Amino acid sequence: MITLQFIPYSDIENLTPEKRIKKLLDVVKEDRILLLEGRLAKEEEAGLIRTTMEAINGRFKGIEISVVSSNSKGHGLLKKIQKNIVELLSGPRSGITIIGPATIVKEIKKDPDKIQLLTVEAKRNGLNGKRKRRK
Amino acid sequence: MISIVNQFIKKVFDRLFGNKKHIKIGLYGPPNGGKTTIANRICTDWLGEEMGQVSHIPHETREVKVKEQINIKSGRKELSFSLVDTPGIATKIDYEDFVKAGLSTRESKKRAKEATKGVIDAIKWLDEMDAVIVVLDSTKDPYSQVNITIIGNLEARKIPVLIVANKVDLKKSNIKKLQAAFPQYEVIGVSAKYGTNIDRMYEAFFTIAR
């Protein structure tokens with residue numbers, strides 16, 4: 001069974017970057033796939049990778065992460081203006097961030113139009129060590 | 001945020017008062033994109049010696065390596081810089097992947113531990129860079145979050161970026177897809193292994209290192 005957990009942006013809005021990252025990683029470490037409303041700042045994304053590396057051990061192997069933005073298509077001037085206006089109005093709440101534990105989510109494939117989660121079913125689920133891909 | 005402001009002030013002061021003696025150009029990207037192969041190509045072409053060891057097993061480079069005083073020439077132009085080869089940035093590291101690649105369990109666990117430290121160091125070094133060459137494997141999906149995070153962080157720090165799409169000699173190579181993913185940057189397709197288009201890459205160094 002795969003558990004998805006949604007976190008609204010308001011839950012992390014008033015936290016420091018370190019606490020935000022900790023809160024998100026704590027969920028992922030419990031083998032849940034996290035759906036965060038909005039996105040982290042670029043520096044926080046780098047911080048998330050750094051903290052993930054520090055947390056890797058025999059059980060926790062890291063994360064898969066992808067950000068889906070509602071306005072990621074198109075790069076013309078009009079699109080750029082539109083994007084800036086949307087970001088100004090919605091701030092970091094626009095789009096959605098998906099973070100999953102690497103032991104469960106093998107890969108997140110992203111095209112501007114769609115997103116695919118390829119999951120891994122591990123030994124403990126009774127597959128005798130065979131890895132299974134799901135789309 | 002404060003570190004970005006400090007970095008910006010430092011850069012402005014360095015430019016105004018000429019404190020900058022050397023510029024640092026970093027090689028960044030996900031593992032196995034060919035950063036060290038490119039570093040070796042640059043060092044062999046201009047210094048006559050290689051910089052590091054390469055391997056088909058990911059995370060061969062697990063510590064930041066610096067090669068000082070590389071002077072490259074193109075026509076009348078000359079550029080002097082230190083080249084910084086960094087470990088590949090990844091969001092996951094599983095020692096079992098190294099076991100599958102043929103390493104012993106002990107070696108694999110050691111490699112995984114060193115690789116995690118390497119990623120942390122590579123991120124820490126971002127603030128030291130004056131310009132960055134992001135090396136991406138042109139046969140792979142360019143929309144990975146690691147690519148976007150690296151480029152986004154460079155953008156946030158106002159560090160000039162050149163994207164080098166490596167492995168153009170391979171059939172699966174798709175530079176157009178990479179260009180479509182990062183239309184705001186110059187993307188140069190090269191084969192570091194065979195030296196294809198390397199001169200164009202050197203030309204572009206002058207643009208990002210201004």
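I began with strand β4 of chain B, where B:V132 is the bridge partner of B:G26. The model is a predicted one.

I then looked up how the strands around this pair run. Strand β1 (residues 23-28) of chain B pairs with β4 (residues 131-137) in the parallel sense, over 4 bridges. I found that β1(B) also pairs with strand β3 (residues 77-85) of chain B, again in the parallel sense, over 5 bridges. There I noted B:K24 opposite B:S82 of β3(B).

Why is β1(B) largely enclosed by the rest of the structure? I checked burial and found 5 of its 6 residues buried, so the strand is largely enclosed.

Next I turned to the interface of the two chains. I have 25 residues of chain A in contact with 26 residues of chain B. The area buried between the chains is about 2300 Å², with carbon and sulfur atoms giving 59% of that. On the chain A side, I noted that A:I49, A:M53 and A:K61 supply 27% of the area chain A buries against chain B, more than any other three residues.

I looked for salt bridges across the interface and the rule finds 2. A:K61 and B:D94 meet through their side chains in a salt bridge, at 3.3 Å from N to O. I also have 9 residue pairs in polar contact across the interface.

Which elements of chain A each supply at least two residues of the side that touches chain B? I listed α2 (42-55), β3 (63-68) and β5 (105-110). The largest share, 9 residues, comes from α2(A). By class, I recorded 9 nonpolar, 4 polar and 12 charged residues on this side of chain A.

Note on methods:
Residues are numbered from 1 along each chain as its sequence is written. Chains are lettered from A and ligands numbered from 1 in the order in which they are written. This is a predicted model: local features need pLDDT of at least 70, side-chain atom pairs count only at pLDDT 80 or more; totals for chains, interfaces and linings use all residues. Side-chain values use heavy atoms; hydrogens and water are left out. Contact means heavy atoms within 4.5 Å. Buried area is the accessible area (1.4 Å probe) that two parts lose on being put together, summed over both. A salt bridge is a side-chain nitrogen of Lys or Arg within 4 Å of a carboxyl oxygen of Asp or Glu. A polar contact is a pair of N or O atoms within 3.5 Å; within protein, one must be able to donate a hydrogen and the other to accept it, and residues adjacent in sequence count only if both atoms are side-chain atoms. Ala, Val, Leu, Ile, Met, Phe, Trp, Tyr, Cys and Pro count as nonpolar, Asp, Glu, Lys and Arg as charged, and the others, Gly among them, as polar. Buried means under 20% relative accessible area, exposed over 50%, partly exposed in between (1.4 Å probe, protein chains only). Two strands pair if DSSP finds at least two bridges between them.
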